[in-house]
Amino acid sequence: MNENQRVQQVLTGNTSAFSYFVETYQDMAITIAYRICGNMQDAEDVVQESYVKAYKNLHSFRSESKFSTWLYRIVYNTAVTQTKSQMWLSTRETEVENAVHIGSNTLEIKIEDVERNEMVADILQKIPKGDALLLTLYYMEDNPVKEIASITGLNESNVKVKLFRARKLFKELLTKHYRDETENVFVN
Amino acid sequence: MERKDKYSEDESFRKMIETSKIIAPENLKYRIMHQIETEKVFTSQESNKQVSTRKTTGNVLKDLTSIFGTMYAVLAVIIGVAYFLQGEEFLKSPQFWGTIILVGFIFSLFWLISRLDANMKEKRLKQLSKKNETQQ
């Protein structure tokens with residue numbers, strides 16, 4: 001059964017069919033909410049509210065887009081509204097200036113897994129919310145730029161530019177804050 | 001060569017970012033589904049209320065137009081008959097006005113009884129639905 005058929009089931013009154021969407025997308029939804037809210041409690045509340053909104057407005061879902069894109073857009077909007085946060089501040093320039101210069105674009109992963117997870121989580125906390133969100137959407141779910149644009153409300157070229165800067169900042173902060181541990185990560 | 005570097009860099013990023021995926025807590029799904037079920041019940045109750053309110057207001061208007069419409073028709077007939085049979089002077093007499101007031105009073109009483117009956121029915125229905133809810 002495809003997603004459109006499941007949507008139709010829910011629309012005809014079968015509420016339990018909606019649990020498929022909750023189960024399938026809740027992890028990514030909470031990741032998005034967490035990137036914006038910055039804490040788990042708020043992120044959970046945002047995801048819950050978003051799913052209820054999605055359920056109530058399911059009749060307005062157009063099957064031309066993916067359900068996930070539509071849902072993530074709701075999560076994004078709910079989180080931004082709840083936290084009243086400005087997503088696309090240009091504070092990264094300062095961070096970039098303070099970060100050490102890296103000579104190469106090549107990135108190699110040779111660090112222990114646990115160590116790496118902690119590092120990545122830490123860097124994602126340090127970079128601006130918008131950048132962390134873009135990296136998450138782009139790399140975690142392989143969302144194409146077009147879909148990221150419709151989730152965030154930015155235009156495609158803007159997404160590309162911001163994604164490029166986010167990648168650069170991520171690498172620079174990784175080098176700056178974890179110079180010792182990452183001697184093997186960036187090959188100069 | 002550059003393309004290959006870009007691809008491997010993307011792969012490295014993918015591997016790193018994937019590790020930061022947050023797993024939703026076990027109870028979140030149940031919380032969401034529970035709220036959705038509650039919303040569903042609440043929405044259906046709301047729509048039932050709206051329908052019953054619409055029904056009640058519809059009944060009041062229907063009663064008003066049908067009962068008082070008939071009353072005015074009867075009054076018009078009485079006035080017409082009195083005018084043609086007894087002449088204009090009779091229309092000013094206390095007998096005629098007494099008849100008019102009596103007709104008006106009877107129809108008002110009739111309307112009042114029908115409204116009381118409708119209210120009692122409504123109350124009974126509400127009590128029944130409350131009983132059903134508590135039983136569920």
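Let me start with two helices in chain A. From α2(A), the residues A:F21, A:Y25, A:A29, A:I32, A:A33, A:I36 and A:C37 meet A:F67, A:S68, A:L71, A:Y72, A:V75, A:Y76, A:A79, A:V80 and A:T83 of α4(A). To meet, or be in contact, two residues need C-beta atoms, placed from the backbone, within 7 Å. By class, this contact has 14 nonpolar, two polar and no charged residues. Nonpolar covers Ala, Val, Leu, Ile, Met, Phe, Trp, Tyr, Cys and Pro; charged covers Asp, Glu, Lys and Arg; the others, Gly among them, are polar.

Before going on, some housekeeping. This is a predicted model, in which local features need pLDDT of at least 70 and side-chain atom pairs count only at pLDDT 80 or more, while totals for chains, interfaces and linings use all residues. Residues are numbered from 1 along each chain as its sequence is written, and chains are lettered from A and ligands numbered from 1 in the order in which they are written.

Back to the helices. The axes of α2(A), residues 19–37, and α4(A) come within 9 Å and cross at roughly 35°. An axis here is a line fitted to C-alpha atoms, for helices over the stretch in contact, and angles run from 0 to 180 degrees between N-to-C directions.

What does α4(A) meet in α8(A)? A:T69, A:Y72, A:R73 and A:Y76 in α4(A) meet A:E147, A:S150, A:I151 and A:T152 in α8(A). Three of the residues in this contact are nonpolar, three polar and two charged. The axes of α4(A), residues 67–83, and α8(A), residues 145–152, come within 8 Å and cross at roughly 40°. That makes α4(A) oblique to α8(A); under 35 degrees would be roughly parallel, over 145 roughly antiparallel, 65 to 115 roughly perpendicular, and the rest is oblique. This crossing, too, is right-handed.

One residue of α4 of chain A is A:N77. Buried takes 20 or more other C-beta atoms within 10 Å of the residue's own, exposed 12 or fewer, and partly exposed is in between. A:N77 and A:T152 are 75 residues apart in sequence and 8.2 Å apart in space, C-alpha to C-alpha.

Now chain A as a whole. Chain A has nine helices and zero strands, where helices are DSSP runs of H or I, at least four residues, and strands are runs of E, at least two, numbered from the N terminus. Of its 188 residues, 38% count as buried.

How far can we trust it? pLDDT is the predictor's confidence in each residue, from 0 to 100. The mean for chain A is 81, and 80% of its residues reach 70 or more. Confidence in chain A is lowest in α5, residues 92–98, at a mean of 44, and highest in α3, residues 40–56, at 94. Where pLDDT is low, the predicted coordinates should not be read in detail.

Last, chain B. Chain B has four helices and zero strands, and 5% of its 136 residues count as buried. In all, 26 residues of chain B are in contact with 32 residues of chain A. On that side of chain B, α2(B) gives the most, with 10 residues. The residues there divide into 11 nonpolar, four polar and 11 charged.

Key
Left-handed = near helix turned anticlockwise from the far one by under 90°.
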